[in-house]
Amino acid sequence: MPSLSHRIGLFTESVIRKMTRIANAHDAINLSQGFPDFDPPAELLHALKKAALNGPHQYAITWGAANFREALARKQSRFMGLSIDPETQICVTCGSTEAMMTAMMTVCNPGDKVIIFSPFYENYAADAILSGAQPIFVPLHPPEFSFDEEELKKAFEQKPKALILCNPSNPTGKVFSLDELKFIAEMADQYDVFVITDEVYEHIVYPPHRHVYFASLPGMFERTISCSSLSKTYSITGWRLGYLIAPASIIDGAKKVHDFLTVGAPAPLQEAAVTALNFSDEYYANLCQQYTDKRDFFLKGLDAIGLTYTYPQGAYYVMVDISEFGFPDDTAFCEWMARVVGVAAVPGSSFFREDVRHLIRLHFAKKQDTLEGALQRLSTLKEKAKKGVH
Ligand SMILES: Cc1ncc(COP(=O)(O)O)c(C=O)c1O
């Protein structure tokens with residue numbers, strides 16, 4: 001038999017998706033993979049039914065159905081404070097996952113360097129490998145997960161082609177401050193570097209923090225590829241709708257990559273999702289309030305159990321410190337916790353470049369009942385760990 005490509009030996013399967021399988025095997029409450037267990041907005045479900053009956057059911061325009069792009073351009077122009085042209089500055093993809101891969105393949109040649117902050121969403125390392133790029137990891141230092149300007153400057157001095165910016169950040173829940181973004185912008189300008197953003201949590205930012213779109217900073221639109229999706233904003237992670245927004249010269253290239261990767265995002269789902277893209281500002285305010293309530297409830301529960309964690313400023317993840325439990329590593333801990341306590345989390349080490357094994361990531365995008373059930377189970381954690389229950 002011929003051998004498989006070298007490429008696939010360079011990364012492992014997704015730890016996040018693996019933890020979902022472990023959760024299912026042990027009937028654990030799954031707080032590992034970040035998706036809601038509540039329904040999307042009812043209007044969206046009605047629109048989906050209508051699209052199922054009336055179509056379209058064949059390929060949409062490869063870079064996105066015209067009505068979807070027009071609605072998206074209106075919505076993003078409003079939130080980003082830019083005037084986005086639906087014809088030339090948008091490419092619709094299968095989720096932000098494909099958008100990020102497309103962005104990397106559009107700007108990087110094999111061997112090009114890409115700055116990635118660590119901890120990072122696990123896809124970025126695989127994206128770099130698949131596009132032939134070499135990551136330069138720059139640490140985000142806890143507890144604020146801020147970067148050291150000198151360390152970042154040194155990374156820029158290595159002449160990278162692009163920087164990946166996940167804001168708000170998964171897994172840390174960090175929301176980059178305006179000053180931090182301005183510093184990145186100054187560096188990107190000085191060293192002539194693209195910035196590829198992943199902003200899937202753009203509407204889940206807890207006051208007083210606020211989301212600043214990198215592309216909206218003075219002079220930055222020209223070098224920014226803004227990737228995002230409808231997955232988290234409308235609780236439709238399974239619909240696989242995402243997009244890139246960038247200047248026409250970049251989108252022209254991205255359209256070609258996207259066309260040969262997937263041809264296009266699902267046509268009936270684009271049709272239905274136009275309803276969501278036309279929601280008023282009230283929808284986004286309610287979404288943020290809903291997640292603020294979930295965050296506050298969940299963190300209060302963790303406080304009552306006596307766990308130490310990092311405080312999320314955005315997104316819906318919390319990193320819990322497991323040092324006190326004396327496990328050899330976070331993966332062993334997560335497998336034990338899913339089996340014995342009945343709650344699944346993601347080992348923090350899967351997000352870090354550095355050797356960090358004392359954190360696990362839980363998410364709280366769940367119904368009240370599910371969160372109560374998870375906290376109930378987690379309340380047995382300390383006792384079970386102390387007694388060495390296996
Ligand atoms: C930072 C980040 N980017 C991208 C994704 C995947 O997004 P999509 O469903 O749009 O592919 C996730 C999902 O958890 C995420 O946390």
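Let me begin with a convention: rings of Phe, Tyr and Trp, the last by its six-membered ring, pair if their centres lie within 6.5 Å, and planes under 30 degrees apart count as stacked, over 60 as edge-to-face and the rest as tilted. With that in hand, Phe38, Tyr201, Tyr291, Tyr316 and Tyr317 form one aromatic cluster.

Please keep in mind that this is a predicted model, in which local features need pLDDT of at least 70 and side-chain atom pairs count only at pLDDT 80 or more, while totals for chains, interfaces and linings use all residues. Residues are numbered from 1 along each chain as its sequence is written, and side-chain values use heavy atoms, with hydrogens and water left out.

The structure holds 22 aromatic pairs. In one of them, the rings of tyrosine 234 and tyrosine 284 have centres 6.2 Å apart and planes at 70°, so the pair is edge-to-face. Because tyrosine 234 lies in the loop between β7 (224-229) and β8 (242-245), and tyrosine 284 in helix α10 (residues 281-305), the pair ties together parts that are 50 residues apart in sequence; helices (H or I, at least four residues) and strands (E, at least two) are DSSP runs, numbered from the N terminus. Both tyrosine 234 and tyrosine 284 are buried, that is, under 20% relative accessible area with a 1.4 Å probe, protein chains only.

Rings also meet charges here, where a charge sits over a ring if NZ of Lys or CZ of Arg is within 6 Å of the ring centre and within 35 degrees of the ring normal. The charged end of lysine 255 sits over the ring of tryptophan 63, 4.1 Å from its centre, and arginine 295 lies over the face of tyrosine 206, at 4.4 Å from the ring centre.

Let me turn to threonine 224, which is placed in strand β7 and is buried, with a relative accessible area of 0%. What does threonine 224 touch, not counting residues up to four places away in sequence? Its contacts, meaning heavy atoms within 4.5 Å, are Val195, Thr197, Phe214, Ala215, Ile245, Ala246 and Pro247.

Notes. Buried < 20%, exposed > 50% of the residue type's maximum accessible area, 1.4 Å probe, protein only.
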